[in-house]
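Dear colleague,

Please find the structure below, followed by a short account of what was found in it.

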There are 2 protein chains.
Amino acid sequence: MTESFDTLADAQRALATAIVGAPGAAQRRAMAKTITLLESTRTDHRLAADALLNALLPFTGRSFRIGISGVPGVGKSTFIEALGLYLIERGHRVAVLAVDPSSSVSGGSILGDKTRMEHLSVNEHAYIRPSPSSGTLGGVADKTRESMLVTEAAGYDIVIVETVGVGQSETSVAAMTDMFVLLQLPNAGDDLQAIKKGVMELADLVVINKADIDPDAATRARAQITSALRLLGMHALHGHPDHAHGGAPAKPAWQPQVLQLSALKGAGLPEFWAAVSQFRDLQTANGRLAQRRQQQTQSWMWERIEAGLRERFRAHAQVRQALPAITDDVRAGRVAASVAARRLLDLSTSP
Amino acid sequence: MTESFDTLADAQRALATAIVGAPGAAQRRAMAKTITLLESTRTDHRLAADALLNALLPFTGRSFRIGISGVPGVGKSTFIEALGLYLIERGHRVAVLAVDPSSSVSGGSILGDKTRMEHLSVNEHAYIRPSPSSGTLGGVADKTRESMLVTEAAGYDIVIVETVGVGQSETSVAAMTDMFVLLQLPNAGDDLQAIKKGVMELADLVVINKADIDPDAATRARAQITSALRLLGMHALHGHPDHAHGGAPAKPAWQPQVLQLSALKGAGLPEFWAAVSQFRDLQTANGRLAQRRQQQTQSWMWERIEAGLRERFRAHAQVRQALPAITDDVRAGRVAASVAARRLLDLSTSP
């Protein structure tokens, strides 16, 4: 960066002012610029982004954050576009972000192409940002969380975070949102996969999309998922709240629900939004929403610390030099893994 | 430690020699002494234990390692006792270890009381060791892995690692054994819990115990679990081998099986052991057993490194001093979590 510190600080102030200012083209440009800064890997950019984030922080947290997941083909884009337009009609401003760890490989499999939501993407009350492509899931999720804060500071009061229904990205998205929605097809067997991957137990709401195609199958799927959620809930009550929601609720305030919907025909959206509002009111009144956010932000800090410690360890000159041979020794059974770990840890403290 | 280094080294050599020597009272005492040393938290003990482990390492790895899990009440002790005696009759020497992270709280809920396996515990060809009680799951699993190496060096050719069917301990046990066996009751619905917790997909073999009590229910449970395993296996083939077995098998060599058994009556043990032997032969011939062990030991090294980095970070004077206030700021939304993480990481590099 060639600017002097004063100029840089001025530039940051201008960005922050534009973001918390009136909606419009200037705000939009400032948001894009800031998010690009957040996603940069340059150290000086990162420092500027940190200062900006802290300046924006007092203006964040006033949105409702909804995570939406579902396997490819379930109709996520159609659903999010229909939902976004429905909410904008009712006076909301809607931001759509994404967590897709595969986007750095595939060049962006979700939201890379804004034409997937052609009406929402050109709406002035919507802000759509594709998944950052930072390589690791932790990195991608980190950038998306920070982008979420930027959209909140800009006054977007509904933030939707989309993720693909594969891998561990659902856990990350559930850990950064107030409510986690799982889209399912009216297809028995799908629920088993969701249970197996631990996604079902993250869900506050399960939506059976494309219910109009086969109403009988949708009804069967709804019954199956309802009974699965009840079993999972019973289990959680018996003392194993080992999911990303945090906290160990003594008396569960919200029972996960199952809804049928057809995003393509727009059928079921009012019922969906009523359920979301009911969830939000309940969790606000009983204090769980605030509690969940506090736990989320603290967990986020520790995730970043651990990632930082790992990176620093791997970058240490003596560790880098010794690691290949020690790894070989461990794999070949010449050195016990715990002994090797202690040796490497000792090396990493030498200057 | 008051001994001089030479005396200490001599003592270690004597222990190592007794362990790899002939079976008997002296070997047993040396094993117990060594495992106590491994479980000690004193730094000098730890250094001595490391030296001992490396001395024993060439004599390890020649056993077959079986992980056994199941919820309380499934009949694990009865099964392990029956299996152990069956194997000893056939000329094997059997070690039984345990991973129970709750044992530090409860004073040892599994294997704390050797009378649970009253015949096996007094048999000269068996070695039973209760779960270490080191507080964290990582710590408990670490000690058990090291104890496993000690029993192998002492010539025990079958090592059974038992765990309770709750929490994350199954993943740890699957990550330290060659084969993972899940005990289930003839009870529909149990399988859903196992699927949900991700335990079912770790299983190489599912055993329906107490099958004699309700043969119809056992048959139904077997059909259900078989179909669940098939679905989970199909999923794994579609590119998400995200379980602890490691590796991404292009063509699966072993299909998980379901057996019925009555440990109390001793019925089904020969069939069980035939399945285990078949698994072992297949996985040895196709190289997967060796591959799995290499990956396990490498993952173990990284787990210990990460645990060490976390401990060191938390113990750093400036981090300890700053952490409470920064945590408050993060929880209250005054500082962004990612910014707080970077601040603490910077503090932890200062001398």
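How many residues of chain A are in contact with chain B, and how many of chain B with chain A? The answer is 58 residues of chain A and 57 residues of chain B, where contact means heavy atoms within 4.5 Å.

This is a predicted model, in which local features need pLDDT of at least 70 and side-chain atom pairs count only at pLDDT 80 or more, while totals for chains, interfaces and linings use all residues. Residues are numbered from 1 along each chain as its sequence is written, chains are lettered from A and ligands numbered from 1 in the order in which they are written, and side-chain values use heavy atoms, with hydrogens and water left out.

The area buried between chain A and chain B is about 5300 Å², with 63% given by carbon and sulfur atoms; buried area is the accessible area (1.4 Å probe) that two parts lose on being put together, summed over both.

The rule finds 6 salt bridges across this interface, each being a side-chain nitrogen of Lys or Arg within 4 Å of a carboxyl oxygen of Asp or Glu. A:Glu306 forms a salt bridge with B:Arg310, and their closest N and O atoms are 3.4 Å apart.

As to symmetry, a rotation of 180° with 0.0 Å of shift along its axis superposes chain A on chain B (RMSD 0.1 Å), by least squares on the C-alpha atoms of residues with pLDDT of at least 70 in both. That is the relation of a two-fold axis. The same surface serves both copies, since 98% of the contact residues of chain A recur in chain B.

Yours sincerely
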